[in-house]
Every structure is written in structure tokens, then in C-alpha cells.
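Here is a walk through the inside of this fold, strand by strand and core by core. Keep the viewer open while you read.

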Amino acid sequence: MKKTFIIRAFLLNITLLMLVIIYNYININTLDYKITNNYEKIISITRHFHHRYLNAEYENYKIGTYPISGTSNSGVIILKDGTYPKILNDLNDTYNKIIEVLPKDYVKSLSLIMPNAQYVLPFDSVKYDINHNQLDEIIKNENINSSFDTFRDDDITIKKHDKGSVNNQSIILPIYIKRFIEAVFIVDIDIINIDRYVANYNNEMMTHYEVEKNNGLLTQKIEIPYTKDNNKFIYIGLSFFGVLICALKIYIVIECIYQIFNRVFLFFYQRIMYDSMTHCLRRNVFDMKYKTLNSRSVILFDIDHFKFINDNFGHAVGDKVIIAMGKMLQQQAKKHHLYFRWGGEEFLVLLPKTNKQALLSYAETLRVAVEEMPLLKDRKVTISLGVSEQKQQEHIHQTIYRADMALYQAKQLGRNKSHYL
């Protein structure tokens with residue numbers, strides 16, 4: 001039984017491990033789509049800000065800092081008196097649309113850089129240095145064209161920036177007016193959002209992906225759209241430890257369910273198939289499962305003078321004697337033997353086809369085993385046995401009938417005997 005458990009556990013764990021790997025490998029394409037699609041959504045929202053800028057109204061600003069009125073955390077820093085677009089509300093709306101795609105803590109900042117103004121979200125004037133050359137520096141550092149002669153659709157880019165402990169991706173959108181650059185719109189996203197996004201996807205889909213440093217076994221290479229530097233690819237692979245733990249957890253659940261159902265099944269199976277007193281098979285089980293047997297030998301026996309035992313020693317002692325018959329059969333039965341409680345004190349043993357001498361020898365073994373049991377005080381309990389072999393083309397019930405006749409003759413010959421017929 002222990003060997004069977006080990007084999008079952010090994011095969012089930014291997015099967016579950018393969019199924020978990022296949023499930024994860026299939027779903028990695030969905031994760032690829034979701035990551036790419038999220039970037040496309042953010043890019044689309046960022047591009048739309050360009051149209052908002054072009055349609056914005058203008059108003060006069062003096063040098064200073066101006067937070068938006070109300071509860072918004074956006075504001076503008078004016079470096080030179082002049083007329084500037086009223087776009088703080090649009091900046092805030094763009095932010096709200098982005099955090100519908102990404103969790104709020106993934107989005108670090110939005111900023112619109114102009115030659116003499118900086119629109120920012122979140123706004124804190126203390127954090128911003130006055131820099132009249134910021135737009136020129138961005139154009140130079142990010143290799144942005146300051147003008148163009150023909151229509152361009154690939155100006156928007158995503159770049160990775162590492163500044164100490166800060167690890168951001170910047171979505172950079174140059175805004176051209178009459179073919180010359182007028183402003184740059186920048187959306188800074190925490191690059192760790194990829195790890196978080198993968199973790200959230202794992203929780204949602206019960207998968208086990210992790211962000212890897214390079215391409216490996218069972219790894220999906222995902223291209224970040226609009227990225228032009230060396231970080232345009234991210235690699236999503238399987239966490240083999242996570243997959244292993246998942247398979248093990250599923251196995252434990254299945255094994256527990258199996259053990260519960262197995263015990264419930266055995267509980268009812270024992271009560272349906274076996275006599276509760278002797279633990280021998282019930283007679284009706286023979287009619288359900290074994291009435292078409294062929295090439296069998298039969299031993300039918302009952303307890304001698306059982307009525308005398310009940311009348312003189314009591315039914316409790318009689319039950320004890322019957323229980324002892326069941327235990328004796330369990331001890332003496334071989335691997336392919338079937339034993340039934342055939343009646344009140346009558347028992348049937350079905351054996352594979354056995355020659356007469358071996359059959360009588362086994363019957364004598366049963367008879368002697370009972371005779372040697374110390375079941376009653378100052379009196380031995382004995383049994384009489386009828387023995388028969390199934391003939392060719394003979395129904396098993398005919399064989400049992402002849403064994404019953406043999407049992408009757410054994411009683412006529414003085415009881416405590418085995419008789420073959």
C-alpha cells in the first residue's frame with residue numbers, strides 16, 4: 001500500500017507540474033497583450049494631450065507660481081511675464097485618464113516644459129528650480145528634433161531614466177507648432193510598475209510569472225512600444241519555484257479529497273458488501289457479483305449444534321461463536337479465496353479450481369482450526385463441511401447445491417467431518 005501511495009503521488013505530482021507549466025505558458029501571451037495594450041493606452045492618452053494643447057485658450061501670467069484652484073495638485077511655474085495656454089485642467093484630466101489604466105502610485109509626474117513656463121503635476125513650487133534652459137536641455141539630452149519639414153508620427157518615445165534610487169520610464173511627446181517645437185510633454189512612470197503589474201496579474205490569474213533580466217527557458221520577450229534605447233524589451237519568465245509550490249498545493253488538495261472520498265467510500269462499501277458481525281461477504285453480494293463464476297471449488301459449512309449453544313449459553317455466546325468463524329476464515333483464507341456468511345451460522349468459501357485431495361485437506365484445516373478454539377467452557381465447538389468442485393458447463397449454484405448435500409451427509413455421518421460430493 002505504501003508503494004502504491006508513492007507511485008500515485010509521484011505520477012500525480014509530475015502530471016500536475018506539467019499542467020501548471022502548460023497553463024502558465026499559455027497565459028503568458030495574454031500577459032504580453034495586456035502589458036503592450038496598457039502602454040498603447042497611455043501613449044494614446046498622451047497623444048491626446050497634444051490636441052488639448054493646440055485648442056487651449058491663452059491668458060496673461062506674471063512671473064511666479066500658480067497652483068490650480070480647487071482640489072487638484074497641478075500648477076504652473078512662470079519664468080517670464082507673457083501669454084500662456086490655460087492647460088492646467090487638461091493636465092489634471094490627462095492624469096485622471098492615465099490612472100484609469102495604471103494604479104495611481106505607478107504614475108510619478110506629468111509635466112509640460114515650455115521655454116518660459118513649466119506646468120507640473122503634482123505641484124510643489126519648493127521642489128522646482130528655476131531653469132530657463134530646461135527645454136533646450138531636454139531637446140539635447142533626448143535627441144529631439146527642434147523642427148521638421150514633413151509630417152512625423154514617431155516623435156513620441158519611451159525612455160528609461162535611472163537617477164539614484166529612482167527608476168523611471170519617461171513618455172516624451174514633443175509638441176510642434178508650425179513645424180517648430182514649442183513644448184515637451186513628459187509622463188514619468190515608475191518602471192517597477194512592470195513587476196507590480198506582473199504580481200497583480202499572478203494574483204488575478206493564479207499564474208507564476210516573474211520579470212527576468214534576459215531571455216531564458218520558457219521566457220517571453222515583450223517589446224515595449226515606442227522605446228528606442230537598449231531597454232526596449234522586457235523578459236517575462238516562469239518562476240519554477242512558484243510553479244513547483246503551486247503543483248504541490250494542488251496535489252495536497254487532491255490527495256486530501258481523495259483520502260476523504262476513499263474513506264467515505266470504504267465506510268459505505270464495507271457496510272454494503274460485508275456482514276457487520278463476521279466481516280465476511282454478504283450472501284446478496286454473491287448474487288450481484290459472483291453468480292456467473294466458472295472453474296471454482298466450494299466449501300460449505302455450518303456450526304454443529306448451534307441451537308444448543310444459543311439455548312444453553314445464551315445468544316451473546318452464540319454471537320461470539322459466529323464472530324470467531326469470521327476471524328478464522330480471515331486467518332485461513334488465501335489470496336484468491338472468497339468467503340461469505342451464507343446464513344445464520346452457515347458459511348461459504350469459494351476457491352479456484354482445486355483437486356479433490358487439496359480441497360479436502362483445506363477443509364480439514366478449517367475444521368481443525370475451529371475445533372481447537374477455546375470458545376466454550378468444558379465444550380468444543382465443531383463444524384461440518386460439504387465440499388464440491390464445479391463441473392464443466394455447470395452453474396455455480398449447482399455446485400453449491402451439491403456442497404449443501406455433502407454438508408448434510410457429513411452431519412448424517414456424525415458431524416465434525418468433511419465430506420466430498
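## Val349 and its surroundings

Beyond its neighbours within four places in sequence, Val349 is in contact with Ser297, Val298, Ile299, Phe301, Leu329, Leu338, Tyr339, Tyr362 and Leu366. Keep in mind that this is a predicted model. One of the contacts, Tyr339, sits ten residues away in sequence, with a C-alpha to C-alpha separation of 4.4 Å.

As for what Glu346 does touch, leaving out residues up to four places away in sequence, you'll find Leu300, Phe301, Asp302, Phe340, Arg341, Asp404 and Leu407.

## The six-stranded sheet

Now zoom out to the sheet. Its six strands run in the order β13-β15-β16-β14-β17-β18; the sheet is open and the pairing is mixed. β13 (281-282) and β18 (418-420) are the edge strands, and each has a single partner, so one side of each goes without a neighbour in the sheet. At the β18 end, β17 (residues 383-389) and β18 run parallel and are joined by three bridges, with Gly386 opposite His419 in β18.

There's a helix to look at here too. α8 (residues 315-332) lies across β14 (296-303), β15 (338-341), β16 (346-352) and β17, and it runs at about 155 degrees to β14.

## Inside strand β14

Which residues of β14 point which way? Arg296, Val298, Leu300 and Asp302 point one way, Ser297, Ile299, Phe301 and Ile303 the other, and all of them are buried. That's eight of eight residues, so β14 is largely enclosed by the rest of the structure.

β14 has antiparallel pairings with two strands. Seven bridges tie it to β16, where Ser297 faces Leu351. Seven bridges also tie β14 to β17, again antiparallel, and there Ile299 sits opposite Val387.

Asp304 is in the loop between β14 and α7 (306-313). Is Asp304 buried or exposed? With a relative accessible area of 4%, Asp304 is buried, because anything under 20% counts as such.

Setting aside neighbours within four places in sequence, the contacts of Asp304 are Ile309, Thr382, Ile383, Ser384, Lys411, Arg415 and Asn416. Thr382 is 78 residues away along the chain, yet the C-alpha atoms of Asp304 and Thr382 are separated by 5.6 Å.

## The three-stranded sheet

Another open sheet has three strands, in the order β10-β12-β11, with antiparallel pairing. β10 (209-212) and β11 (219-223) are at the edges, each pairing on one side only. On average, neighbouring strands of this sheet are turned by 30 degrees against each other, direction ignored.

β10 and β12 (residues 233-238) are joined by four bridges and run antiparallel; Glu210 stands opposite Gly237 in that pair. Helix α1 lies across β10, β11 and β12, at about 10 degrees to β11.

## Nonpolar cores

The largest nonpolar core has 55 residues, and the members touching the most others are Ile35, Leu110, Leu112, Tyr119 and Phe185. Its largest share, 13 residues, comes from helix α1 (residues 2-54). Apart from that core lies another, of 29 residues, including Ile299, Val321, Met373 and Leu376.

Tyr119 is worth a click. Leaving aside its neighbours within four places in sequence, the residues in contact with Tyr119 are Tyr61, Gly75, Val76, Tyr84, Pro85, Ile87, Leu88, Leu91, Leu110, Ser111, Leu112 and Met114.

Conventions
Residues numbered from 1 in each chain as written. Predicted model: local features only at pLDDT ≥ 70, side-chain atom pairs only at ≥ 80, totals over all residues. Heavy atoms only, no water. Core = buried A, V, L, I, M, F, W, Y, C linked by side-chain atoms within 4.5 Å. Buried < 20%, exposed > 50% of the residue type's maximum accessible area, 1.4 Å probe, protein only. Contact = heavy atoms within 4.5 Å. Pairing = 2+ DSSP bridges. Axes fitted to C-alpha atoms, helices over the stretch in contact; angles between N-to-C directions.
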